[in-house]
Amino acid sequence: MSAEKTENVSWIDKRFPLTETWRAHLSEYYAPKNLNFWSFFGSLAILTLVIQIVTGIWLAMSYKPDATLAFASVEYIMRDVDWGWLIRYMHSTGASAFFIVIYLHMFRALLWGSYRKPRELLWIIGVVIYLAMMATAFFGYLLPWGQMSYWGAQVIVNLFAAVPVVGEDLSIWVRGDYVISDATLNRFFAFHFLLPFVIAALVFLHIVALHHVGSNNPDGIEIKAGPKGNRWSDKAPADGIPFHPYYTVKDLTGVIVFLILFSLVMFYMPTMGGLFLEAPNFQPANPMQTPLHIAPVWYFTPYYAMLRAVPPMWGSQFPGVVVMFGAILIFFVLPWLDRSPVKSMRYKGPIFKVATGIFAVSFIVLAWLGMQPASDLSTLLAQIFTTLYFAYFLLMPIYSSLDKTKPVPERVTS
Ligand code: HEM
């Protein structure tokens with residue numbers, strides 16, 4: 001580094017811990033040397049969050065959060081604003097890409113046991129991020145003011161009315177009106193603008209927690225507790241390598257592949273056959289005409305299928321609402337359900353592996369069922385797979401203790 005640059009850096013360092021932070025979190029943050037493909041999704045989640053915030057701000061420059069103007073303003077963005085169509089498609093593709101990345105990121109945590117001690121709080125911050133992402137996506141979905149935006153919001157906000165005693169008032173409070181209206185659109189826009197910054201703050205806490213406990217790895221071995229000394233430092237974990245430049249460069253590979261796939265969708269199939277942008281949403285909202293089949297976007301459909309699987313009781317949908325929200329909130333207690341003596345799936349026994357497989361299949365089947373029009377068969381299937389979904393969590397204390405695990409090696413393996 002040139003003398004002048006060193007001078008500038010030391011001037012900053014006297015006033016701000018720049019080099020110290022760089023060292024602590026990048027060049028001297030030692031991550032396990034055997035991180036693989038599954039570790040791409042954390043940095044891809046950061047990338048997607050940045051794409052959403054930047055394209056969102058640009059969209060907000062031309063978008064009108066007014067029930068009489070909203071739909072036309074999106075059309076104006078698509079047709080008249082310079083590169084408006086690209087910014088819009090980056091945002092709509094980004095929304096789905098964000099959830100694909102997060103579901104794979106969460107699944108990796110299930111495989112490596114990255115919710116177990118000492119990462120319980122890191123995981124819980126993650127679950128809060130997931131909830132904030134779902135709220136952001138829900139608020140954002142109303143903004144185009146298309147048929148599915150309007151009726152999707154009507155269905156979901158009506159669920160609040162199912163809450164005993166306070167339900168009616170609660171749903172009016174959320175809407176700001178007796179039906180989804182201009183008041184609802186305005187406040188949903190405000191929340192949709194605010195929440196990504198809340199998510200960014202949560203991600204900061206998430207990474208601070210991660211760097212405090214250290215990254216987990218496919219073997220589920222705590223490298224910090226292992227032997228010390230590697231070619232970079234005598235004090236560093238022997239199985240650790242500096243995050244920068246080794247994993248920053250490696251993550252770049254993930255970023256390049258991701259951006260190629262992202263561009264393919266954005267330029268050639270932005271609607272993804274109705275999966276990312278539904279056909280009914282290209283019609284302006286019409287409160288007088290209910291679409292034949294109302295379904296949320298694919299990243300919500302597993303929970304929507306669970307809601308529909310529970311028949312109304314005493315004329316109330318509240319039990320279904322409890323199951324739907326319960327399916328997400330149960331993630332908070334996961335760290336305390338898993339009683340296995342080992343963390344990683346590599347050393348867990350057949351029962352845990354089969355249970356995790358059934359859980360993943362149930363989630364995917366429920367996602368598909370949630371997109372289908374309701375029928376007796378789809379309801380029955382949804383009831384079966386909802387039961388399997390909850391069984392994964394509720395029976396975990398039993399099968400994780402019974403399971404025959406394999407011995408975990410002393411050092412990380414490749
Ligand atoms: C905006 C959303 C998110 C961002 C930007 C993000 C970012 C990251 C990054 C950069 C890492 C380290 C690299 C890696 O191991 O992948 C990480 C690790 C982790 N994240 Fe997230 N995350 C997000 C959401 C979540 C969610 C929703 C969960 C769980 C519900 C979660 C749970 C975890 C766990 C348990 C680890 C530790 C992994 C390990 O050490 O093995 N994260 N996250």
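Helices (H or I, at least four residues) and strands (E, at least two) are DSSP runs, numbered from the N terminus. This is a predicted model, in which local features need pLDDT of at least 70, side-chain atom pairs count only at pLDDT 80 or more, and totals for chains, interfaces and linings use all residues. Residues are numbered from 1 along each chain as its sequence is written, and side-chain values use heavy atoms, with hydrogens and water left out.

**The iron site**

- His105 (NE2) and His206 (NE2) coordinate the iron atom of the ligand at 2.0 to 2.1 Å; donors are N, O and S atoms within 2.8 Å of the metal (3.2 Å for Na, K and Ca), and sites may look incomplete because water is not among the atoms.
- The arrangement is octahedral because the 6 donor atoms around the iron atom subtend angles of 85 to 178°; six donors count as octahedral if opposite donors are over 155 degrees apart and all others between 65 and 115.
- His105 belongs to helix 5 and His206 to helix 9, so the pair ties together parts that are 101 residues apart in sequence.

**The shell around the ligand**

- Of the 27 residues around the ligand, those that come nearest are His105, Ser114, Gly126, His206 and Asn216; a residue is near a molecule if one of its heavy atoms lies within 4 Å of it.
- Helix 5 gives the most to this shell, with 7 residues.
- The shell has 16 nonpolar, 9 polar and 2 charged residues; Ala, Val, Leu, Ile, Met, Phe, Trp, Tyr, Cys and Pro count as nonpolar, Asp, Glu, Lys and Arg as charged, and the others, Gly among them, as polar.

- A polar contact is a pair of N or O atoms within 3.5 Å.
- A polar side-chain atom of Arg108 is 3.0 Å from an oxygen atom of the ligand, and a backbone N or O atom of Gly42 is 3.2 Å from an oxygen atom of the ligand.
- For His206, a polar side-chain atom lies 2.7 Å from a nitrogen atom of the ligand.

**Backbone details**

- The peptide bond from Lys117 to Pro118 is cis, with omega near 10°, and Pro118 is found in the loop between helix 5 and helix 6.
- A cis peptide bond also runs from His244 to Pro245, with omega near 10°; Pro245 is in helix 10 (residues 243-268).
- Trp145, in the loop between helix 6 and helix 7 (147-160), has phi near 55°, a positive value in a residue other than glycine.

Conventions
A polar contact is a pair of N or O atoms within 3.5 Å; within protein, one must be able to donate a hydrogen and the other to accept it, and residues adjacent in sequence count only if both atoms are side-chain atoms. Four donors count as tetrahedral if all angles lie between 85 and 135 degrees; four count as square planar and six as octahedral if opposite donors are over 155 degrees apart and all others between 65 and 115; anything else is irregular.
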